Amino acid sequence: MTDAYLGRIGKLIRDARQHRGWTQSQLADALGTSQSAVNRIERGNQNISLDMIARIGEALDSEIVSLGYAGPMHLRVVGGRRLSGSIDVKTSKNACVALLCATLLNAGRTTLRRVARIEEVYRILEVLASIGVRHRWINDGNDLEIVPPAELDLGAMDTEAARRTRSVIMFLGPLLHRMDHFKIPYAGGCDLGTRTVQPHMTALRHFGLEVTATDGTYHAQVDRSVSPTRAIVLTERGDTVTENALLAAARHDGVTVIRNASSNYMVQDLCFFLEELGVRVEGVGTTTLTVHGVATIDRDVDYAPSEDPVEAMSLLAAAVVTESELTIRRVPVEFMEIELAVLEEMGLDHERSPEYRADNGRTRLLDLTVRPSKLRAPIDKIHPMPFPGLNIDNVPFFAAIAAFAQGQTLIHDWVYDNRAIYLTDLNRLGADVKLLDPHRVLVEGPTRWRSAEMMCPPALRPAVVVLLAMMAAEGTSVLRNVYVINRGYEDLAERLNSIGAQIETFRDI
């Protein structure tokens, strides 16, 4: 590599390290090298192999370079532009990854309609392909066909892909029915602080699964003599915990009762899919699920997951902060009713179409037209609650909306250890966001947004919030290393451009 390239790569590594909050010594420890070597790399004074770049990227969970491309992707945003027209909400990212994990239950062919083509889905597909599951995109790349092998080859699992997604934890539920011993890598994904997997282990122990964790790997062993003898009470009403319990119960030949279950949108889509597989689920949409499992599933099924309420909230927030009139079509309103009630209280001018059904035949949709509004801060704090409360993943978007509104808004993101901290990145763009503690921020509005160049936060929703603020800011902003956005949104920049934004993707190297 030339000295110029080494210098540019070094700067990217330094920026990614600093954004993660690591010292050079911490990165050196993760790489098994010295602090002085990291210092030389960051200054561009040391030759560095592609293998080392890949190791650094994995340690920092950051796409330093992308082999076959010119480097990590960035966005250049010309802000201050009004949006207009209409845009459709894509299918749910979180439902799609759960359904991909659920295909491991089925010996037959599964066809999923309008699957989100995002990095999170690609990582799960890479893992599935590595263990022998065949897949292909059909119907002009809109739908996904999945065919499992007779026997899975877990020894060939693509561990690098598995470590880049938290969704791989949902392999535990299906796999415990297929083999007595197996192992999967620790789950990765967004940097949201410590997220214990203990609730998963507690729930799945009812099905004979025991897990030990060593050297970055979960080692699983299944005792076939163990099965649920009473209701499973989840110690955390989490989405993936509930999904894992459902996946385990689906092929338990008997009746399983799951209490304190999440009733969120992705859980409901999974329940509807399990019903297509012949598994009867009672209580969908409540906190008590009764699953009538079947020992063997071998069906050719065709299923269309519903639309993503978090993407709908993203688009709504984009319209608010850019003071635009925008119609957002196919909004899953039953998972946004609290959000809309809060926004009505704040003064949002909007109009709703009559409701209609999603392609799954169950989820309620409508078209939402948002108009420029003078918003005031809500009287009460913004805080998430399990469904039907305000969605956990929609909380960050209220930071951008609160920065637009008149007055002070308290946002309490009690679920994740680190996510509220990333909302202070809005200060770089002119906002007044005070961090009260790792879970609470105080937002003072209205904001006179200004352009800036900055690294993308390493958590999906705060990263999109920063992008929306850049769209509101006059001038040109740069958001660097947006892999985390691509994990959860399909062609977001291009789709925003279709309604009036001006966002250019580019690479450094």
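1. Phe335 is buried, and Phe387 is buried as well, where buried stands for under 20% relative accessible area, exposed for over 50%, and partly exposed for what falls in between (1.4 Å probe, protein chains only). These two residues belong, together with Tyr265, to one aromatic cluster.

2. Please keep in mind that this is a predicted model, in which local features need pLDDT of at least 70 and side-chain atom pairs count only at pLDDT 80 or more, while totals for chains, interfaces and linings use all residues. Residues are numbered from 1 along each chain as its sequence is written, and side-chain values use heavy atoms, with hydrogens and water left out.

3. A search of the whole structure gives three aromatic pairs; rings of Phe, Tyr and Trp (its six-membered ring) pair if their centres lie within 6.5 Å, and planes under 30 degrees apart count as stacked, over 60 as edge-to-face and the rest as tilted. One of them joins Phe273 and Tyr303, which are edge-to-face, with 5.8 Å from centre to centre and 65° between the planes. This pair links distant parts of the chain, since Phe273 lies in helix 11 (residues 265–276) and Tyr303 in strand 13 (residues 301–303), 30 residues apart; helices (H or I, at least four residues) and strands (E, at least two) are DSSP runs, numbered from the N terminus. Both Phe273 and Tyr303 are buried.

4. The ring centres of Phe335 and Phe387 are 4.9 Å apart and their planes stand at 45°, so this pair is tilted.

5. Two arginines are placed against aromatic rings, as the following distances describe. The charged end of Arg76 sits over the ring of Phe506, 4.0 Å from its centre, a description used if NZ of Lys or CZ of Arg is within 6 Å of the ring centre and within 35 degrees of the ring normal. Arg117 lies over the face of Trp137, at 3.9 Å from the ring centre.

6. The largest nonpolar core has 152 residues, of which Phe171, Phe182, Leu479 and Ile485 touch the most other members; such a core is a set of buried Ala, Val, Leu, Ile, Met, Phe, Trp, Tyr and Cys residues joined through side-chain atoms within 4.5 Å. Helix 16 (residues 460–472) gives the most to this core, with eleven residues.

7. Thr409, found in strand 18 (residues 407–412), is buried, with a relative accessible area of 1%. Leaving aside neighbours within four places in sequence, Thr409 is in contact (heavy atoms within 4.5 Å) with Ala377, Pro378, Ile382, Ala402, Val441, Leu442 and Val443.
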